[in-house]
Amino acid sequence: MRKLLKSKGTLIIFIAISVYVIMVDINLQQRTHLLQDHKLLFRDLITVDLGDGNCDIGNPTEDGGESSVDAVRSLLVSYPGSGKRFTWTVIKALTNEEVADDWNFSGKLDVNGTNVSKPLCVKTSWPHKEGIWSWNTMMDQVILLVRNPRHAIPSYHNMRFELDYSQNWAESYLHIPSTYKERPAVDKWVEWREAHFEVEILKW
């Protein structure tokens with residue numbers, strides 16, 4: 001009887017692990033498709049100064065150029081939901097040089113310091129918990145982006161909702177395919193606001 005129960009318990013654990021692995025695989029496949037679609041839709045502008053106030057925006061490209069070794073590198077910092085991604089994209093389009101993010105989802109951040117060329121700009125929410133200090137000492141200056149908390153905090157909640165209120169990096173990573181797709185109901189926002197406003201306004 002004990003052997004039978006033990007076998008059943010082992011089978012249940014095996015099934016649970018198999019289901020989890022399948023779910024992770026599906027999420028990773030969704031993320032891969034999302035990134036491929038993103039590359040097709042995302043258009044970076046190559047700007048060329050023609051002099052006398054004229055410029056040529058050129059053709060869309062997938063990657064920006066590498067910044068020079070002596071370039072002044074900027075850390076783009078803000079509370080989550082303040083428009084870092086938009087500003088980050090504009091910086092890349094105007095400079096023709098590569099940008100990165102603190103969690104290195106872009107794959108452009110030289111975390112180990114093995115490359116001579118480093119991104120011109122890195123965006124982060126640090127010291128907020130959504131950010132991480134991953135650029136070591138490579139940044140020369142800070143661009144502080146400030147958005148009215150009346151708009152920034154609800155925008156941050158939208159992201160938390162899409163990530164299913166994840167508590168760690170792994171959970172957030174699995175929910176990436178769900179981002180920038182929907183907005184929570186007002187009652188969800190009110191519930192979260194009542195529970196977190198005092199903390200978030202201090203972090204802002």
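This is a predicted model: local features need pLDDT of at least 70, side-chain atom pairs count only at pLDDT 80 or more; totals for chains, interfaces and linings use all residues.

**Start with everything shown**

Residues are numbered from 1 along each chain as its sequence is written, and side-chain values use heavy atoms, with hydrogens and water left out.

Of the 204 residues, 29% count as buried (buried is under 20% relative accessible area, exposed is over 50%, partly exposed is in between, with a 1.4 Å probe and protein chains only). Switch to cartoon and you get five helices and six strands, in the order α-β-β-β-α-β-β-β-α-α-α along the sequence. Both kinds of element are DSSP runs numbered from the N terminus: helices are H or I with at least four residues, strands are E with at least two. Take the contacts between residues at least 6 apart in sequence, and 62% of them join residues at least 24 apart; contact here means heavy atoms within 4.5 Å.

**Next: the four-stranded sheet**

Select S3, S4, S5 and S6. They make an open sheet in the order S4-S5-S3-S6, with parallel pairing (two strands pair if DSSP finds at least two bridges between them). S4 (99–101) and S6 (141–144) are the edge strands, each pairing on one side only. Neighbouring strands are turned by 25° against each other on average, direction ignored; axes are lines fitted to C-alpha atoms, for helices over the stretch in contact, and angles run from 0 to 180 degrees between N-to-C directions.

Now step across the sheet:

- S4 to S5: three bridges, running parallel; click Ala100, which stands opposite Val122.
- S5 to S3: four bridges, also in the parallel sense; here Ser74 stands opposite Cys121.
- S3 (74–77) to S6: four bridges, parallel; Leu75 has Val142 as its bridge partner.

**Zoom in on S5**

Show side chains for this strand. Cys121 and Lys123 point one way, Val122 and Thr124 the other, and all are buried. In a regular strand the side chains alternate between the two faces of the sheet.

Select the surroundings of Lys123: leaving out residues up to four places away in sequence, it touches Leu76, Lys84, Arg85, Trp88, Ala100, Asp101 and Asp102.

**Along the loops**

Move to the loop between S5 and S6, where Pro127 sits. A cis peptide bond joins Trp126 to Pro127, with omega about 15°. Asn136 is in the loop between S5 and S6 too, and has a positive phi of about 55° although it is not a glycine. Most residues other than glycine have a negative phi, and most peptide bonds are trans. Asn136 is exposed, at 55% relative accessible area.

Carry on to Val146, in the loop between S6 and helix H3 (149–162). Val146 counts as exposed because its relative accessibility is 58%. Draw a C-alpha to C-alpha distance from Val146 to Lys84: 9.7 Å in space, for 62 residues in sequence.

**Last stop: the salt bridges**

How many salt bridges does the rule give? The count comes to two.

Glu162 and Arg183 form one of them, at 3.5 Å, N to O. Glu162 is in H3 and Arg183 in the loop between H4 (169–174) and H5 (186–203), so the pair ties together parts 21 residues apart in sequence. Glu162 is buried at 7% relative accessibility, whereas Arg183 is exposed at 52%.

Finally, select Arg193 and Glu194: they form a salt bridge, with the closest N and O atoms 2.9 Å apart. Glu194 is exposed at 58%, while Arg193 is partly exposed at 29%.

How values were computed: A salt bridge is a side-chain nitrogen of Lys or Arg within 4 Å of a carboxyl oxygen of Asp or Glu.
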